[in-house]
Amino acid sequence: MTVENSSFVETSASESRSSKRQQRINGLAQAKKVSPGHISDRRSVYWVGKEPALRTGNLDKIPKRICDLSRARTTPVGHIHDRESAVSVVSSGAKKSNPSDPYMTKLAKPKDYHREYEGSNYDFVQTSPGAMSYQTSNRIEQLAQPRKKLSYEEVEEMKLSENQQQQPQERKGSSARRRSPSGRLDVLAQPKPTFNGEGMNRSPLWQVTPRATNIQPSQRIDRLAKPKSRVELDEEYDGFKVSMAAKNTVASTRVAELCLPLPRKQSEKK
């Protein structure tokens, strides 16, 4: 085989491979085709409108019981679709029919109560005339009153009295019981008198008198009410200016000593 023939064979093989590759790509680019019997948006995935085809060779081997169970359940005779009530009308013949089995008659009777059962007798209680004309006593009237809510002062007083009752009382001697207090104790035992112009439980808000609204402040009050003027201090103020006294000051011996570095850091450089 010559060089020209070998090159021609390689070229034809590469072209065949490229053509097959292009056909495969075109086939994959095509959309998936819908089956011939496809029904769009059908109600069920099973057969609609027709029964599936059965294999005739295997029908003889299916038992009769399975065939009966595979059939759909039939609607009873006289069935009313979407009726208002589940209670059906009983015919006159069914009403006059007598059960042949005595056990059915026993089951049809209501269940007997237990021998120790006691039903509610609220509907049969009769109030006697004496109970209806009964007059309540003062104690019952007192207990029937609603409970009174005690104030804070009354509750504290009750607690104090209970604490005093619980604490043991010391027995005083006869001389202590007969002793009379001095004049100073009598004065201290008296309650503090109330000021003549004091108003009990007065409101924190009060009316300003007309005299107070028309009053004129004095010159001293006007001068104190004015804010302090800093115009003289703020004019030509320089925060970096050093005064002459600061320039001429001399540090003390202690300040000079504190300005020196620590001894362990005063090492000579090599």
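I began with lysine 64, which counts as exposed because its relative accessibility is 63%. The model I consulted is a predicted one.

**Entry on the salt bridges.** I looked up the salt bridges and found that the structure holds three. In one of them, lysine 64 pairs with aspartate 68, with the closest N and O atoms 3.2 Å apart. I noted that both residues belong to helix α2 (residues 64–70), where they lie four residues apart, about one turn of the helix. Aspartate 68 counts as partly exposed, because its relative accessibility is 30%. Aspartate 68 also meets arginine 71 in a salt bridge, at 2.5 Å from N to O. Arginine 71 is exposed, with 55% relative accessible area. I therefore recorded Lys64, Asp68 and Arg71 as a network, since salt bridges link them.

I then turned to helix α14 (residues 253–259), in which glutamate 257 and arginine 254 are three residues apart, about one helical turn. These two residues form a salt bridge, their closest N and O atoms being 3.5 Å apart. Glutamate 257 counts as partly exposed, at 48% relative accessibility.

**Entry on the surface.** I found a nonpolar surface patch formed by Tyr103, Met104 and Leu107, which together have about 340 Å² of accessible area. Leucine 107 is placed in helix α4 (residues 102–108).

**Entry on the whole chain.** I looked up the elements of the protein chain and recorded 14 helices and zero strands. Of its 270 residues, buried ones make up 0%. The chain exposes about 30,100 Å², of which carbon and sulfur atoms supply 54%.

Notes:
Residues are numbered from 1 along each chain as its sequence is written. This is a predicted model: local features need pLDDT of at least 70, side-chain atom pairs count only at pLDDT 80 or more; totals for chains, interfaces and linings use all residues. Side-chain values use heavy atoms; hydrogens and water are left out. Patches are made of residues with over 30% relative accessible area and no salt bridge: like charges are joined within 9 Å, nonpolar side chains (Val, Leu, Ile, Met, Phe, Trp, Tyr) within 5 Å. Accessible areas come from the Shrake-Rupley method with a 1.4 Å probe; for residues, only the protein chains shown count as cover. A salt bridge is a side-chain nitrogen of Lys or Arg within 4 Å of a carboxyl oxygen of Asp or Glu. Helices (H or I, at least four residues) and strands (E, at least two) are DSSP runs, numbered from the N terminus. Buried means under 20% relative accessible area, exposed over 50%, partly exposed in between (1.4 Å probe, protein chains only).
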